[in-house]
Amino acid sequence: MAKPAQEPVYAQINLLDKEFEQISRWVYLAAGIRLTDSKKALVSSRLSGRLRELQLISFQQYIDMITNAKHPLSATERQNAINLLTTNETFFFREIAHFDFIREVVLPLKSGRKMRCWSAASSTGEEAYSLAMTLAQHHNGAWEIVGTDINEEVVTKARSAIYPMLRADNIPKAQLHQFCLKGTGSKAGTFKIAKELRRNVSFRQANLQQLPPDLGQFDLVFLRNVMIYFDVASKERVIANVQRQMKPGSYLLIGHAESLNGIANQLTLIRPSIYLVA
Ligand SMILES: C[S@@+](CC[C@H](N)C(=O)[O-])C[C@H]1O[C@@H](n2cnc3c(N)ncnc32)[C@H](O)[C@@H]1O
């Protein structure tokens, strides 16, 4: 067979250092995420498929597209870039000690009262639904959970509440039987979160660096495994924003690998990774 006269020009697109710097600057301004030099290969591999889809021949063309507000695809492509550049790793009942704390300490104190909770970087929703299972089983009172994430794609997945069966491994058997419905037919190999939980859980796209004005006040906030992507200035902004959404007597739970050392806040550390708003 004759070889094509020309190889497709987009077969191998090199990400230049100055382009990587421009992308890093852009994602920092857009999301507060600090991409260190060690992330260059990752950025290149995550974005190069998108460049191919758009038939672009250089990263510079892509940068021009997302940074030039007048470009007709700019707004959509900015969101696509955020979707591609965020890391959304999560799983059910991650950091189980937090769920034990909620059951043993928080819920007895809030008994009889409505609990408004926020999963503030909810990714595909596992964190919010794990909390929903805990509240449905152990809270004596009404409850509501709002999940937010900057990545629109994961927000859509979270809303669907459908997960591959493999994701069920961390869900305790009792909750799995009570709150997860096994898919059949075209949905075989998946499960869906039961309606009795879904009706009290909602998801929306939101940037922690610049929160929407109508989020309301919360009794409990999960802000877990997202500050690891921020530098001190971004963290400070996010903690100030999050604190404004917290009621007196509410709890903030951060990831076990994260810390608020050196970050101005009015929070009282009551256990490792657990803070109380006085
Ligand atoms: C590693 S996941 C953590 C998910 C979950 N909280 C957990 O601990 O399993 C981090 C999430 O933070 C989101 N994220 C990153 N920057 C954000 C920002 N500025 N505002 C809102 N969400 C952001 C990402 O899209 C991603 O879904």
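Helices and strands here are DSSP runs, numbered from the N terminus. In this predicted model, Gly 125 sits in the loop that joins β1 (115-119) to α6 (126-138). Because its relative accessibility is 0%, Gly 125 counts as buried. Outside its sequence neighbours up to four places away, Gly 125 touches Ala 158, Tyr 163 and Phe 203. Thr 90 is 35 residues from Gly 125 along the chain, and their C-alpha atoms are 8.4 Å apart.

Helix α4 (residues 74-85) has twelve residues. From first C-alpha to last, α4 reaches 16 Å, close to the 16 Å expected at 1.5 Å a residue. Its buried residues are Ser 74, Glu 77, Gln 79, Ala 81, Ile 82, Asn 83 and Leu 85. The cover over these buried residues of α4 includes the helices α1 (17-31), α2 (40-53), α3 (59-67) and α7 (152-160), together with strand β6 (201-205).

The largest nonpolar core has 46 residues, and Trp 118, Leu 208, Leu 223, Val 242, Leu 252 and Leu 260 have the most contacts inside it. Two or more residues each come from α1, α2, α3, α4, β7 (218-223), α10 (232-244), β8 (246-254) and β10 (274-277). This core lies between domain 1 (17-85) and domain 2 (96-277), because both give residues to it.

Leaving aside residues up to four places away in sequence, Leu 208 touches Trp 118, Ala 120, Ala 121, Leu 223, Val 226, Val 238, Asn 241 and Val 242. A second, separate core has 36 residues, including Phe 101, Trp 143, Val 155 and Phe 203. Phe 203 is also one of the residues that Gly 125 touches.

Technical notes
Residues are numbered from 1 along each chain as its sequence is written. This is a predicted model: local features need pLDDT of at least 70, side-chain atom pairs count only at pLDDT 80 or more; totals for chains, interfaces and linings use all residues. Side-chain values use heavy atoms; hydrogens and water are left out. Helices (H or I, at least four residues) and strands (E, at least two) are DSSP runs, numbered from the N terminus. Buried means under 20% relative accessible area, exposed over 50%, partly exposed in between (1.4 Å probe, protein chains only). Contact means heavy atoms within 4.5 Å. The expected span of a helix is 1.5 Å times one less than its number of residues. A nonpolar core is a set of buried Ala, Val, Leu, Ile, Met, Phe, Trp, Tyr and Cys residues joined through side-chain atoms within 4.5 Å. Domain bounds come from an automatic or database domain assignment.
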